[in-house]
Amino acid sequence: MSVRANYANYRGPVRDRVENFHGNQLVYVMWERHLLFCAPLTFLADPAMTFDAFLAEVLTPALAPHPESEALDFAEAQWRLDGETFTPRGDASLADNGIGHKSQLRLITPRLSDLADAAI
């Protein structure tokens, strides 16, 4: 049996609009090649939070379960923001770094090899 999508007539409420998050925004983060996390992680973050604070208070604890997290050095990391090469400014806010509602950050750590060397 075939399925026919009815997108043209759909009028449901959009529930993930930035206005629905009380001053916060959604930020997606994907750690490249580290598929213990099978999809980008989604975080609720204050756009005024500095990038360094986001790393220390939000991202580091979230990545802690990964066997390579202790070897992760954000100073060596490469970043992509919404598909473009990105060099974050640690002392600038997420908003000032151009990280908006539902932006996707990709964390690239060439020195780390995912689970291949984790001995699990």
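This is a predicted model: local features need pLDDT of at least 70, side-chain atom pairs count only at pLDDT 80 or more; totals for chains, interfaces and linings use all residues.

Author: Residues are numbered from 1 along each chain as its sequence is written, and side-chain values use heavy atoms, with hydrogens and water left out.

Reader: In what order do the strands of the sheet stand?

Author: Start with the terms. Helices (H or I, at least four residues) and strands (E, at least two) are DSSP runs, numbered from the N terminus. Two strands pair if DSSP finds at least two bridges between them. Here 5 strands form an open sheet with mixed pairing, in the order β2-β1-β5-β3-β4. The edges are β2 (41–45) and β4 (84–86); each has a single partner strand, so one side of each is left without a neighbour in the sheet. On average, neighbouring strands of this sheet are turned by 30° against each other, direction ignored. For such angles, axes are lines fitted to C-alpha atoms, for helices over the stretch in contact, and angles run from 0 to 180 degrees between N-to-C directions.

Reader: Which strands run parallel, and which antiparallel?

Author: β1 and β5 run parallel and are joined by 5 bridges; within that pairing, M30 stands opposite R106 in β5. β3 (residues 78–81) and β5 (residues 103–108) run antiparallel, with 4 bridges between them. In β5, L107 is the bridge partner of W79, and R106 is the bridge partner of R80. β3 also pairs with β4 in the antiparallel sense, over 3 bridges, and there R80 stands opposite T85. The hairpin of β3 and β4 has 2 residues between the strands, and D82 in the turn has a positive phi of about 50°.

Reader: What does helix α1 lie across?

Author: Helix α1 (residues 51–63) lies across β1 (25–31), β2, β3, β4 and β5, and runs at about 140° to β2.

Reader: Which residues have the most contacts inside the largest nonpolar core?

Author: In soluble globular proteins, nonpolar side chains tend to be buried together. A nonpolar core is a set of buried Ala, Val, Leu, Ile, Met, Phe, Trp, Tyr and Cys residues joined through side-chain atoms within 4.5 Å. The largest one here has 25 residues, and those with the most contacts inside it are F51, F54, L59, W79, I99, L105 and L107. Two or more residues come from each of β1, β2, α1, β3 and β5. The most come from α1, with 7 residues. Contact in general means heavy atoms within 4.5 Å. Leaving aside neighbours within four places in sequence, L59 is in contact with V29, F43, F54, F74 and W79.

Reader: How many aromatic pairs are there?

Author: A pair of aromatic rings is described by the distance of the centres and the angle of the planes. Rings of Phe, Tyr and Trp (its six-membered ring) pair if their centres lie within 6.5 Å; planes under 30 degrees apart count as stacked, over 60 as edge-to-face and the rest as tilted. By this rule there are 4 aromatic pairs. The rings of F43 and F54 have centres 5.9 Å apart and planes at 85°, so this pair is edge-to-face. F43 lies in strand β2 and F54 in helix α1, so the pair ties together parts 11 residues apart in sequence. The rings of F51 and F86 have centres 6.2 Å apart and planes at 75°, so this pair is edge-to-face. F51 and F86 are buried.

Reader: Is Q25 buried or exposed, and what about E84?

Author: Q25, in strand β1, is buried, with a relative accessible area of 6%. E84, in strand β4, counts as exposed at 54% relative accessibility.

Methods:
Buried means under 20% relative accessible area, exposed over 50%, partly exposed in between (1.4 Å probe, protein chains only).
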